[in-house]
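This report is meant for a reader who is meeting the structure for the first time. Please keep the sequence and the model open while reading.

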Amino acid sequence: MASTVPVVRSLEAIYPPDALASQTSRWNKLLTKFEAAYGTNAEFVSRSPGRVNIIGEHIDYSLYSVLPMAIEADALLAVSTGLAPTQDGTFKIKIANVQESKFPSREFDIPYDAVDIDPTVHEWTNYFKAGLRGALELLRKKHGDGFRPKSMQILMDGTVPAGGGLSSSAAFVSASALAVLIANGEKEVDKTALTELAIVSERAVGVNSGGMDQSASVLSERGSALFVTFSPRLAARPVQFPPTNPELTFLIAQSFVTADKVVTAPIHYNLRVVECSLAAAYLNAVLNPPGTELPADASPLGISLHGFHETYFALQERNGAARKPVTDQLAELVALTTKTLDKPQGYTREEIAQVLGVTVDELHARFTQRIPVRAERFKLHQRALHVFSEALRVLQFMALLEEGQAKQQQNGNGETTTTDASAKDTSEYNARLGALLNETQASCRDAYECSCPEIDVLCDLARAAGSYGSRLTGAGWGGCSVHLVPADRVDAVKAAWEREYYSKLDLTEEQKAAAVVWAVLGTGYGLSIN
Ligand code: NG1
Ligand code: MG
């Protein structure tokens, strides 16, 4: 995998052939508008795509592996650096958006050493500032405290729907961090360093997310999905889907329920992050020998269910137990969770503090001070159950893809045969892939409580019309859903949604056009600079 961000001179290297004409005109418009707004040409454009997550939902911040893929929709930032120097000790950022009415232009004078972000204010430029802050930290480490950031003029064009589960935020943060690095003279930007920087930076906006989105945005390669692992360190490898007959496609369907993750964080996303770390601490206290400390890791609160998992089996092995395959370990953890965390009604602060042997104040200092949440009870049973079972499903999904590839090689390279027997074979295979996606949806709905009735309806409609597997994608509570649909059922699925769902909403023409996106299996595009 190329380790530095590629410099792309032609849009053919980024977009699929059928999108070239419209993308070329979009880029040209962006550059023309840039000149009109700032009276100078853009020096470069940084690009970072959105993503759809295929499987592995809400487990990245527990440091379990996930399988997303980059999509065509992206964030573009056209940039120039030719601004006159500002008053002492500050640099200037002028930032505008092609959708001026939704995202008004801003101008900031920023002190060299402090990028101020207020996560309590819902402000589109916070995402730019998050990338800026992270990039400046990296530059300061490299050049020392005397480093003087360049002033920048920026025009943004984003096509990833906001609040839609396709990761508009990570695309924006990653593209921003890249833009700042390039503007400040970096020639070779290391992809992994950029990803790590974007992961940590985005948390400044108020959502304590994992690293899936930034990884998918920066590390994806054209033509493949991406298997991302977070422990012991961030690593990713491209994944191909075997050809099947009928051919499989991923349909992405909007629910048009906008989930504003920053606003709902204390009762939704951030609460889940806290619950997962609390579950790790609780399981550690009950199942590991007294005094066992979980290792500090890269998860938002520094201890994770994955950390508990590793520690638990390492201790067993030290006591002479045989090493078990990870899939067996995860199955065992599902059983242990059911037995150990046996209160489906949830746990109060007092109950958890008592088991951990700390006071409620100490519990607060360790878990909920930095990530404020609103809850009387923490649903440790359901959350841990989801995380362990979902981590297992990701591995089962990967094993199925490998099985499919092995079969393809046996049958002679890449040819899909069309005999009745092989068609039956692949439809059974497709159904097994789809079943895992359906199980993910059930777990997200029932155990993790991150679906919503509208997404459930879209999934039911799709399955009834021929989808093998349907589920929410991204954080949930609204946003997008993803569906594994054989090519010959795509029209039927779309018609069902139109008839039973979209026609009942009051949608604009623009929304109607964007309601369903067809992501051809395995299409993915990396980050690039013009
Ligand atoms: P979305 O909702 O697409 O932004 C979020 C997190 C991911 C991951 C998923 C759930 C951010 C930036 N990303 O994705 O890290 O946890 O939810 O799997 O918040
Ligand atoms: Mg997001």
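## Contacts of a strand residue

Two residues are taken to be in contact if their C-beta atoms, placed from the backbone, lie within 7 Å. The model is a predicted one, and in it Ile93 is in contact with Phe108, Ile110, Ser151 and Met152, once its neighbours within four places in sequence are left aside.

Ile93 belongs to strand E3, which covers residues 90-97. Ile93 counts as buried because 23 other C-beta atoms lie within 10 Å, and the cut-off for that class is 20 or more. Thr311 stands 218 residues from Ile93 along the chain, and the C-alpha atoms of Ile93 and Thr311 are separated by 46 Å.

## A cis peptide bond

Most peptide bonds are trans. The bond that joins Ser231 and Pro232, however, is cis, with an omega of about 5 degrees. Pro232 sits in the loop that runs between strand E6 (225-229) and strand E7 (235-239).

## Two positive phi values

Most residues other than glycine have a negative phi. Phe256, which is not glycine, has a positive phi near 65 degrees, and its place is the loop between strand E8 (248-254) and helix H6 (261-264). Phe256 is buried, since 20 other C-beta atoms are found within 10 Å.

Glu449 also has a positive phi, near 50 degrees, in a residue other than glycine. Glu449 is located in the loop between helix H13 (420-446) and helix H14 (453-464), and it counts as partly exposed because it has 16 C-beta neighbours inside 10 Å.

Note on methods
Residues numbered from 1 in each chain as written. Chains lettered and ligands numbered in written order. Predicted model: local features only at pLDDT ≥ 70, side-chain atom pairs only at ≥ 80, totals over all residues. Helix = DSSP H or I, 4+ residues; strand = E, 2+ residues; numbered from the N terminus. Buried ≥ 20, exposed ≤ 12 C-beta atoms within 10 Å, placed from the backbone.
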